Structure formats: structure tokens, C-alpha cells
Amino acid sequence: MVRFFGRRREDEGEPSESSGAAESPAADRLPDGHAPAAPEDGRPPAPPQAGGPHPVPPMPGHEPLVPSHHAPPPGHGAAGGHGPSAGHRPPPGQSQPTAPVPPHQEPDRGASAPVRRSREPRPPGSPWPVWARVPLGRPAARFEPKPPPADPYRPDTLFDGWSTPGLTVRLASVRGDAHRFGGQPRQDDIVVAVHEPTDVVVFAVADGVSAAPQSHVGAALACRTAVADVLRQLDEGRPQVDWSRVVAAAAYQLFMRVTRGAEPTPEQRKEAQALLATTLVTGIVRLTGNGQLDVNLVHVGDSGAWMLHEGRFYPLLGDKKESADGVFSSAVSALPRVPPQIEGTWYTVPEDGVLLIGTDGFGDPLGDGTGTVGEAIAWELGRPPREPLALAWVLDFSRETFDDDRTLLAVWPRHRLDESGGPGAPAARTGGAAG
């Protein structure tokens, strides 16, 4: 196989050259037969008989249509596979569950208030609605998330997207189902900025360690500090980024959170580690003269980086070590502990490749990229989606047992973005989000 990306350490020379909208829901409508008819003399309709308005029959079960290669196996329910999930239509030849379903009624607003359905059933064959989660394999159970703590404010989901003269950027971070169910904040964070004089994109992705009570604060501090320090070094005209300085600055901010500006004591260092521990991947990416991406990366912990090229995922980073018995260790090196040696590594991504930086909430279900998750991500991100929300939509896929926060940054050469907006622009490839 032809090698298509180079890799080098900071003290090496230049990198080797690569060779290679869904319709909005229908307005509320009166169910047939439940609207009181107005008398011909123009008087108000007579109130309903004693007993209140007639209940409306339950809405027929329906769910958004899934492409055949993404459809969950027949009979697998939303929780544990012991029956159809809510709204799941049984396979042909099987009957609906016989459990009673209470009729839907509006609150009592007076005798003349009609009973309305909140939404019409979606017609068979309609495309994916943009608000529906994509089930990849066996989906997770459906539930309404609990709110996270209000201080500091942490939205459930964030996404962003823009282009520099040379690069197109899309990013998203979503709260995992475990934190949604438990009411905990999203512990991942991401910061991406552009150094306009050089058209270099600077990024940092962090994954707060779950055992640390304020790791979401540590992740936010680490990302913002790392990006700010890299931008400062680029302003200074440094030929190479001093990554040891960047990582040390991020760790120092975690100590300052505990000490409130004073130099940390040994006890305070331990407190910061227990309270704010977070992983960090930070780096820069720039467009080369031949259309490739030059990427310089450094990391602390088990968040990762990949190159997507011709439908395959190639890992660039990753700290999970496999033991002799084949079990991957969950032990994580994390800030504010700083590894004894910090070295940036250069990679070259080919012109038709994609740089991906993400947390293990994305990396774990991705695996080696050959399964259902890898297939969907490769299909959606093979070219830059026009709408930034498309990345958040596909990243928030539903898959049983994978309930961690997920964060992903994707970078392409800008010339691969179809900016025409015309008939030739990329369409929604799985039926709902812009692709």
C-alpha cells in the first residue's frame, strides 16, 4: 500500500511529501370527528355531553426511517432488547404489543376547547428529521435528559464551523447519555481559533477525568490556556511551538484554580489533581503549497487523533495500552501532572484526507473504523458538510453501552468545500442533516 502521510519529531526536517431540511411538523389539526360542528344559525357550538371531550386514540407508532445499513435489528428494543422500543413498528406478520396505552388528552381548558394532537404521524418514506438521533447498531434507551448544574454554565451540546482562506473547520461536543441521565455536566471541552497572519488553525480538545468532581472546569481551563499560549507564540514569530511551555501553562492554570493565585503547596497539587484532572490534545494545522495539511500534535492522556482517508481511519495518537491478557488499561495520564517529556509530532494529511481530533467518547465506539460507527462517520465527513450542525447531529448517534461525552474536530482543505449552494452541492446523505 502506498504511504500517504509522513511523521516526524520536532527536531527532524520537513515532513515527507504525501503520495498519495426536513419539512417542519404539520400544524396542530383537529382529529376527524372531534371538532364540534357550528349550528347553521351561527350560534356557538353546543358543549359536549357529560363526561368531557372524547379521548383521542393513540397516535400510530412511527419512527424516522433509517437507511438499511443503519437500521437496528428487528425486535431489538430501546433498552435491553426485550421488546419493541417506544414507537417501534413491528416487522411484518407480528402484532403490536397488547399493553394498554393511555389516550392522549389535552388539559381541561373549558367545555368548548377541542382536543388536539401535538403532531401528525410522519408519512411513510419521509426523510430523517434533523432533530432525531441516528441509531447506529442497537440504540440506547430513550429518556429526557436532566439539567446539568447551572454554575458554571455548560450547554448539553455545542457546535461551530467556519473557513479560513485555506482550511474548513467543523467541530462539535455533546453530553453523553450517562451524564444526561444523571444530571452531570459535559466534561469534554474544545477550543479552536485561527491565527490570521499565518492562516494557522490552533486547537485544543480535553476530556475531564470522570472521577474528578470538577474535571469539566479543568477541561475548559486547559483548552483555553493552551490555545492562548500557542497564539501568543505564533505572534512572537517562533519557528516552532514550544509545546513544553504550552502544557506547563495549562497545568499551572489548574493549580491556580485551587490556590487562587498563590504558589501551590504539595497538598494543593494533590487537591488539583483530584479535583480538576483532564486529558489534553493540542496542536496546529496549516495548508501546504501542494494542498496537503501539515499537522503538529502533542497530547497528555487518552484522547486521540485520526486521519480519515479513502474511507479508512488511521490513528495518529492514543494512549490506551493493551496488556498481555488483551485488556486495555483505563488508567489515564492527566493534567495537572505533566509528563517528563513533551514533544510535538508532525504529520502530513493528503489533500483528499480529513484530520480528526476527538475524545475517547468518540474513539471507543469508532474502534478501528470498520464497524457501523466508522461507516457512518466516513460517509458524513468524507467531504466538509455545508452546515456546521451536521457534525453535531451525526456525532450524537445512539448506540447502546456507549454513553460517554463525545467531542470531535474535523479539518479539511477549503477547496473541498462546495460553496456553490446549487444543485451540485453535497446533499443530505442520510436524509436529514446537510452534508
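Leaving aside neighbours within four places in sequence, Leu 335 is in contact with residues including Ala 222, Val 247, Leu 254, Leu 280 and Val 300. Contact means heavy atoms within 4.5 Å. This is a predicted model: local features need pLDDT of at least 70, side-chain atom pairs count only at pLDDT 80 or more, and totals for chains, interfaces and linings use all residues. Residues are numbered from 1 along each chain as its sequence is written, and side-chain values use heavy atoms, without hydrogens or water.

Leu 335 is among the residues touching the most other members of the largest nonpolar core, which has 33 residues. Such a core is a set of buried Ala, Val, Leu, Ile, Met, Phe, Trp, Tyr and Cys residues joined through side-chain atoms within 4.5 Å. Buried means under 20% relative accessible area, exposed over 50%, partly exposed in between (1.4 Å probe, protein chains only). Helix 3 gives the most to this core, nine residues. Helices (H or I, at least four residues) and strands (E, at least two) are DSSP runs, numbered from the N terminus.

## Helix 2

Gly 237 follows helix 2, with a positive phi near 75°.

## Salt bridges

There are 15 salt bridges, each a side-chain nitrogen of Lys or Arg within 4 Å of a carboxyl oxygen of Asp or Glu. Asp 189 and Arg 224 form one, at 3.2 Å, N to O. This pair links strand 4 to helix 2, 35 residues apart. Asp 189 is buried at 2%; Arg 224 is partly exposed at 45%.
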